[in-house]
Structure formats: structure tokens, C-alpha cells
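Student: I'm new to this one. Could you show me how to read a few of its features?

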Amino acid sequence: MQLPAQWWRDAVIYQVYARSFADADGDGVGDLDGVASRLGYVELLGADAVLLTPIFTSPMADHGYDVADPRDVDPVFGDLAGFDTLVDRVHEHGLRLLLDIVPNHTSVQHEWFRAALSSAPGSPERSRYHFRPGRGPDGATPPNGWTSMFGGPAWTRVADADDRPEEWYLHLFAPEQPDLNWTNPEVWADLEKTMRFWLDRGVDGFRVEGAHSMSKPASLTDAASARIRPFDQPPVHDIHRMIRSVVDHYPGRVVIGDIGLPDDERFAAYLRDDELHLGFSRELAVTPFDADAIRETVERALAATASVGAPPTWALGHHDVSRAVTRYGGGEVGRSRALAMAMLTMALPGTVFVYYGEELGLVDVDLPDEVLQDPLWERSGRRERGRDGYRVPMPWEGTAPGYGFTTGAPWLPMPAAYGQLVADEQLESTESMLSAYRAAIELRRSHPGFAGDAVEWFGAPPGCLAFRRSGSTLVCALNASTAPVPLPPGEVLLASGPLESGELPPDTAAWLA
């Protein structure tokens with residue numbers, strides 16, 4: 001398949017949560033064959049690429065983000081032969097396939113970590129991770145005061161062969177996810193080996209999970225280090241230069257960073273010419289439905305990426321954040337706002353990420369305690385319910401319990417409300433959210449107004465915003481107020497809801513030319 005040199009600069013990338021997209025073998029968990037069986041839908045939606053969450057060998061303490069073997073497929077998802085078939089099928093559909101990789105840490109079941117546990121302090125095996133003695137006379141206090149992203153200390157103590165307490169290891173996430181030591185050349189070489197392994201199998205690129213987290217401060221044990229932020233350390237940029245140099249050997253491939261930094265200048269530093277092609281931005285997904293706040297987020301993102309010549313990215317959802325319909329108020333209001341915001345993102349220059357089911361209007365699911373699996377639930381002492389509610393499987397067709405996702409029992413229960421959102425019925429309805437998404441993506445690809453790398457803002461009534469792409473006559477208007485406002489002049493190409501008497505209703509967006 002012939003690929004444009006920088007196809008990602010204005011792509012629509014569809015993020016698939018591998019466990020929840022489609023289950024081909026009936027065990028209730030999504031798999032590679034399931035993804036392959038639904039590629040026609042992704043093509044029909046109009047996406048350019050599929051981004052798969054980790055499918056590597058894992059004990060699933062964090063549903064695949066704890067990797068035991070980064071160069072194999074976990075049996076719950078399939079095998080390497082099935083993966084190769086998926087790559088071929090993706091390309092037959094005119095799509096690209098991207099993989100989430102997790103270079104910050106491994107699983108405790110990784111052969112390196114098992115070797116570290118059976119080796120002595122100071123050994124080469126332990127130098128691949130961050131092992132340190134504890135503080136205090138008996139070493140019973142963690143080396144510093146860092147806390148885990150999942151709650152509790154960021155350090156866990158190990159014992160020797162005689163079960164005597166010994167050193168501590170660092171894990172910025174769950175204890176089952178020990179952080180790798182990126183000052184160790186073996187760690188660098190292993191990631192390069194992993195990337196080449198998948199690139200040689202035809203993968204079109206990667207998203208680097210926790211791209212800002214790999215490098216740690218030089219000292220992890222003194223008192224001051226507890227006050228130093230363990231993320232975004234300067235040496236991390238050398239790692240990304242290595243990653244980019246590997247990917248650049250494969251024409252048409254892309255590397256995207258999941259960069260969890262709110263500081264625009266520091267975010268942009270990861271997108272310099274010799275580092276990442278794109279930075280996955282989470283900012284719009286935490287911006288309230290308020291015209292001034294939305295405009296500020298957009299302007300900041302455009303300015304940050306323009307400073308280094310990179311395209312901006314836009315995402316209303318991902319596997320770590322509440323779904324847009326729920327976040328914007330739920331019900332019809334939430335649905336209207338989510339669709340209006342989707343049209344806004346697609347009118348902007350840059351790359352758009354769509355989280356699976358977003359195009360159906362899926363909502364967060366209030367799951368019973370006994371089915372929760374996110375490590376946040378247990379690590380927080382069952383105070384934080386975690387992210388399972390926005391990872392519930394995709395409803396395709398039919399009825400409960402599986403709604404076409406599986407012939408068995410889905411790994412997370414699917415609510416009765418999903419019966420009103422199934423994909424096959426939305427495909428048949430011109431009034432559905434899915435049909436609106438398809439129309440917007442098609443216009444974005446075909447209309448000449450979607451050109452230009454900058455945005456020009458127009459005056460708008462309070463609670464509203466309007467802009468056009470530089471050099472274009474296409475205008476996007478959003479009404480985030482509580483009252484109808486006059487539409488800007490021009491022919492309406494698409495609106496996220498009904499228009500009346502030349503006015504733009506609340507919670508509605510329109511494209512005009």
C-alpha cells in the first residue's frame with residue numbers, strides 16, 4: 001500500500017481498547033481476530049488508522065500495560081500468526097496499524113525482573129531497574145517519599161532467599177509495574193529490538209505510553225529527591241531521539257508520544273524535529289464545555305505545536321478519562337455537546353483521535369463493586385472506582401448480554417442502555433451520532449476548506465466561538481451558551497443538531513462555507 005510521507009498530520013486515528021472492541025472466540029474478552037472482523041466498520045467510519053492498546057504478553061495486572069514479553073502476543077488476544085493476519089487485513093482496508101508500547105516499566109513477570117529478584121543487590125540484573133536500600137537503621141522506610149500514580153508508596157520492598165527484607169524497587173504506577181532504569185544501555189537496546197520486531201512485521205508506528213516518564217532524577221535516595229518531580233527529566237529527550245532514529249529507518253511510519261504535561265513549552269519540546277512526530281494531548285478531554293475555556297485550550301495547543309513545526313492533536317476521550325457524553329452532562333445534553341465538540345475538533349488543523357464507541361455516544365457505566373478490575377480500585381482502598389466504567393465493551397448489534405461484542409459473557413457487564421446505541425442500528429439511521437461522525441470525517445477529507453495550519457478567530461456572542469482555517473472560507477461555529485444565537489453568514493455544510501430560522505441552538509456546532 002502506497003502511503004503519503006506524512007499521512008498522520010491530518011489523520012483520524014481510531015483508538016481501540018483491545019479487550020473491549022470485538023471478541024471472536026467467545027471468551028468475553030476482545031481479541032485480534034475480533035478486531036480484524038470489524039475493520040470494515042472502521043473503514044466505513046472514515047478513519048485513517050487503528051491504534052491498539054497493548055496486546056503483548058502480560059499477567060494483566062493493569063490490563064496489558066504491565067508487559068511480560070514485549071515481542072509476543074498474549075494468548076487472551078491471539079498469537080503472532082493472528083497478528084500478522086491482522087496487519088494484512090488492516091492494510092487491505094486502506095488503514096494503518098499503530099501499537100501502544102510501554103517503555104517506562106515492565107511486568108514483575110518479565111524475565112529481567114525475575115532475574116533481578118534472584119540476584120544480589122548491586123548485580124547487573126538489578127541495574128536494569130531502580131533498586132535502592134531503604135532509609136533508617138533497618139532500611140524499613142522507602143528510599144524517598146514518592147507516591148504511586150495508583151495510590152500508596154512508589155516503592156515496594158523485596159526479600160532475599162531466606163525471606164529477610166532487603167532492597168526496595170521503584171514503580172511509579174502499580175507494584176506489578178517496576179520502572180526500568182534508562183541509564184542502562186541494555187534497556188535502550190531492548191526497546192530498539194522491540195520496535196524493529198514490530199516494524200518488520202508491518203506495523204505503521206507506535207504510541208509511546210508515558211513518554212515523559214522514563215528518565216528519573218540522578219539521585220533517588222536523598223531527602224531532596226522526594227520533592228523533585230519524577231517526570232519530564234531532561235535525559236528523556238535522548239531516549240526519544242533514539243526512538244525517532246529507529247522509526248525513521250521505516251518510511252511512512254509514525255511515533256506518537258502520550259505526554260502527560262500541562263506545560264505547553266515542555267510538551268512542545270518532545271515534538272522537535274528529531275524527536276516525536278506527534279504528541280497525544282489530553283487537555284481538551286479535561287476542558288469544560290465553556291467557550292472561553294475551549295478557545296484557550298485550542299489556542300495554547302496551536303501555539304505550542306507551531307513553535308516546533310509539529311501538528312496539534314485533538315482527543316475528546318481515551319482509556320483513562322470519563323467518556324465525553326457523560327463528562328458533558330449525560331443524556332441528550334451530553335450527547336449534543338459531545339457531538340458539537342467532535343465537529344469542533346475535526347474543523348481544526350492537525351490529527352484527531354477517536355476513542356472507540358465515542359462515535360456511538362457511549363457513556364460511562366456504573367459498574368457493581370464486584371466486577372471492578374482497575375488497580376486504582378484496590379490501591380486506593382476502594383475509594384476511587386477507577387477507569388473500568390469507560391472501558392466497557394462495544395455494542396455492535398442484537399441484545400444483552402453481549403450486544404454482538406461476544407457470544408459469551410463480556411468481561412465487563414454491558415448495560416441495558418447500550419441496546420439503544422448499537423452500531424448496526426446507528427448505521428441505518430441518518431439521524432444517528434454515528435452518521436454525523438461519518439459525514440464530518442468525509443467532509444473533512446473531501447472539502448477544500450479543511451486546509452491551512454493556523455486558525456483565525458471571529459467575534460462571537462457570549463458563550464460562543466467561531467473560527468476558520470487560515471486561507472479558507474470554511475467557518476466552524478459553536479454555541480456553548482444557553483440561548484440560540486444568529487448563525488454566521490454562509491451555506492451550512494453540516495450541523496451537529498437541527499437549525500431553526502437562521503439560528504444556532506445551544507450545545508450545537510455548525511460548519512459553513
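Student: Is Phe 173 buried or exposed?

Tutor: Keep in mind that this is a predicted model. Buried means under 20% relative accessible area. Phe 173 has a relative accessible area of 17%, so Phe 173 is buried.

Student: Which residue forms an aromatic pair with Phe 173?

Tutor: That's Phe 150: the two rings sit edge-to-face, 6.1 Å centre to centre, with 70° between the planes. Phe 150 is in the loop between β6 and β7, while Phe 173 is in the loop between β8 and α5, 23 residues apart. Phe 150 is buried too, with a relative accessible area of 5%.

Student: How are the rings of Phe 280 and Phe 353 arranged?

Tutor: Their centres are 4.8 Å apart and their planes are at 80°, so this pair is edge-to-face. Phe 280 belongs to strand β11 and Phe 353 to strand β13, 73 residues apart. Phe 280 is buried, at 1% relative accessible area, and Phe 353 counts as buried at 3%. Then there's Arg 207, which lies over the face of Phe 280, at 4.9 Å from the ring centre.

Student: What about helices: at what angle do α10 and α13 pack?

Tutor: In general, two packed helices are described by the angle between their axes and the distance between the axes. Here α10 and α13 pack at about 10°, with axes 10 Å apart, so they are roughly parallel to each other. Residues making the contact include Leu 339 and Met 346 of α10, plus Tyr 437 and Ile 441 of α13. By class, the contact has nine nonpolar, no polar and two charged residues.

Note on methods
Residues numbered from 1 in each chain as written. Predicted model: local features only at pLDDT ≥ 70, side-chain atom pairs only at ≥ 80, totals over all residues. Heavy atoms only, no water. Axes fitted to C-alpha atoms, helices over the stretch in contact; angles between N-to-C directions. Helix = DSSP H or I, 4+ residues; strand = E, 2+ residues; numbered from the N terminus. Parallel < 35°, antiparallel > 145°, perpendicular 65-115°, else oblique. Contact = heavy atoms within 4.5 Å. Nonpolar A, V, L, I, M, F, W, Y, C, P; charged D, E, K, R; others polar. Phe/Tyr/Trp six-rings, centres within 6.5 Å; stacked < 30°, edge-to-face > 60°. Buried < 20%, exposed > 50% of the residue type's maximum accessible area, 1.4 Å probe, protein only. Lys NZ or Arg CZ within 6 Å of the ring centre and 35° of its normal.
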